[in-house]
Amino acid sequence: MKIVVIDGQGGRMGALLCEKIKKHQQELPAGTRLIAIGTNSAATAAMLKAGAEAGATGENPVLVACRDADFIIGPLGILAADSLLGEVTPAMSVAVGSSAAQKILLPVNRCNHHVVGIQDYSMARLTDEAIRDLLSILQEGRP
């Protein structure tokens, strides 16, 4: 199984996700790979420091990683071109959106994207909920 965490800016969300995924490693299928893809080098470095086993930076790594990912986890903005202050290119958003992977997206109401019907939760709470969703999907036998 391949879990791809995509993040930009300083990589805080991605780092929290990687750290929490690693804490639940025993609940993941054997051989699960945690791959960090940063839209910039600072984000990649933060996710690698937090426990991702491999990482890369930029547009092409997003395109390649999304091809065979089982899960893609990151901020909602990875689906929108020019989000994260322009760090998400149109090709990146298409790669994420068209991937067959399960997508677990954290609704951070920034960069002019607002999701109605959600609370303005802390980053810690959002990442906890993302991990709960990941483990729930796996327990159901998906993907």
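Student: How many bridges join strand β4 to β5, and do they run parallel or antiparallel?
Tutor: Strand β4 (residues 71–75) is joined to β5 by 5 bridges, and the two run parallel. Strands are DSSP runs of E with at least two residues, helices are runs of H or I with at least four, and both are numbered from the N terminus. Two strands pair if DSSP finds at least two bridges between them.

Student: What kind of model is this?
Tutor: It is a predicted model, in which local features need pLDDT of at least 70 and side-chain atom pairs count only at pLDDT 80 or more, while totals for chains, interfaces and linings use all residues. Residues are numbered from 1 along each chain as its sequence is written, and side-chain values use heavy atoms, with hydrogens and water left out.

Student: Which residue of β5 is the bridge partner of Gly 74?
Tutor: Leu 105 is the partner of Gly 74.

Student: What is the strand order in the sheet?
Tutor: The order is β3-β2-β1-β4-β5, in an open sheet of 5 strands with parallel pairing. β3 (54–57) and β5 (102–106) stand at the edges with a single partner strand each, so one side of each has no neighbour in the sheet. On average, neighbouring strands are turned by 20 degrees against each other, direction ignored.

Student: Which strands does helix α1 touch?
Tutor: Helix α1 (residues 12–23) packs on the sheet and touches β1 (2–7), β2 (33–38), β4 and β5. Contact here means heavy atoms within 4.5 Å. The direction of α1 makes about 155 degrees with that of β1; axes are lines fitted to C-alpha atoms, for helices over the stretch in contact, and angles run from 0 to 180 degrees between N-to-C directions.

Student: Changing topic: is Asn 40 buried or exposed?
Tutor: Asn 40, in the loop between β2 and α2 (41–49), is buried because its relative accessible area is 17%. Buried means under 20%, exposed over 50%, and partly exposed in between (1.4 Å probe, protein chains only).

Student: What does the side chain of Asn 40 reach?
Tutor: It reaches the backbone oxygen of Gln 9 at 2.8 Å and the backbone nitrogen of Ala 42 at 3.0 Å. Leaving aside neighbours within four places in sequence, Asn 40 is in contact with Gly 8, Gln 9, Thr 57 and Glu 87.

Student: And Leu 85, buried or exposed?
Tutor: Leu 85, in helix α4 (residues 83–86), counts as exposed because its relative accessibility is 69%.

Technical notes: Polar contact = N/O pair within 3.5 Å; in protein donor to acceptor, adjacent residues only side chain to side chain.
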